[in-house]
Amino acid sequence: MEFLIIILYWLLMISVLIETQNSDEALARTLSGLVGGAVEGILSDVIIIDQGSVDQTHRVADAAGCIFLQDQTLIDGFRRARSEWFLFLEPGARLLDGWMEPAAVHVERMQGPACFTRSHTHRRPFLSRVFSPGNPLADGLLISKRQSMALFSPGKKAADIARGLAMKRLRAEIIPAPSTKS
């Protein structure tokens, strides 16, 4: 019975995957919002997939105890992840207090892909949501490893996996990463 409980607990944990490039400060903000999930045992690991940063991204990841994959692909992150569920976030996105329970319940029910609800002050205007697609990863993506692997093809980024997915919106808030458009 104890072995079954351990297996069930492992299946309900989440691996966080974050793709980065020269985003040390933004990464620090994102990781600070994940501390509670690590302390509560919801997160099994945080994997940083770096695409050639020349700033201090590797030091931020190392200080936070993350797995740092330099110049590797998303599939390498999938292979290193210890959980059966992935949480994709952008550097700079920040989960607000109260995100753990809705995410854990979603994973426990083995539902399909989900995203977080933007905080009230960061919601896009209605017409902007209707007429411009926006960033598919801005609200995060909680998805099973199995479905991620099925949607993956060489050269894809996390945003490509999120694009076009029908997602349940969790009752937990996120502050999206600041736009990097010039």
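The protein has nine helices and eight strands. The model described here is predicted. Of the 182 residues in the protein, 46% are buried. A search of the whole structure finds four aromatic pairs, and one aromatic cluster is formed by Phe 78, Phe 86, Phe 88 and Phe 152.

**Overall architecture**

- The accessible surface of the protein comes to about 10,100 Å². Carbon and sulfur atoms contribute 56% of that surface.
- Among contacts in the protein with a separation of 6 or more, 77% are between residues 24 or more positions apart.

**Aromatic pairs involving Phe 78**

- A pair of aromatic rings is described by the distance of the centres and the angle of the planes.
- Four aromatic pairs are found when the whole structure is searched. In one of them, the ring centres of Phe 78 and Phe 88 are 6.1 Å apart and the planes stand at 65°, so the pair is edge-to-face; the cut-off for that class is an angle over 60 degrees.
- Phe 78 belongs to helix α5 (residues 74-80) and Phe 88 to strand β4 (residues 85-89), so this pair ties together parts that are ten residues apart in sequence.
- Phe 78 and Phe 152 also form an aromatic pair that is edge-to-face, with 5.6 Å from centre to centre and 70° between the planes.
- This pair links distant parts of the chain, 74 residues apart. Phe 78 is in helix α5, whereas Phe 152 is in the loop between α8 (145-151) and α9 (158-162).

**Burial of the aromatic residues**

- Phe 78 has a relative accessible area of 0%. Because buried means under 20% relative accessible area, Phe 78 is classed as buried.
- Phe 88 is likewise buried, with a relative accessible area of 1%.

- Leu 12 is located in the loop between α1 (2-11) and β1 (14-20).
- The relative accessible area of Leu 12 is 23%, so this residue is partly exposed; the category lies between the limits of 20% for buried and 50% for exposed.
- When residues up to four places away in sequence are not counted, Leu 12 touches Val 107 and Glu 108.
- Leu 12 and Arg 109 are 97 residues apart along the chain, and their C-alpha atoms are separated by 9.4 Å.

Definitions and conventions: Residues are numbered from 1 along each chain as its sequence is written. This is a predicted model: local features need pLDDT of at least 70, side-chain atom pairs count only at pLDDT 80 or more; totals for chains, interfaces and linings use all residues. Side-chain values use heavy atoms; hydrogens and water are left out. Rings of Phe, Tyr and Trp (its six-membered ring) pair if their centres lie within 6.5 Å; planes under 30 degrees apart count as stacked, over 60 as edge-to-face and the rest as tilted. Helices (H or I, at least four residues) and strands (E, at least two) are DSSP runs, numbered from the N terminus. Buried means under 20% relative accessible area, exposed over 50%, partly exposed in between (1.4 Å probe, protein chains only). Contact means heavy atoms within 4.5 Å. Accessible areas come from the Shrake-Rupley method with a 1.4 Å probe; for residues, only the protein chains shown count as cover.
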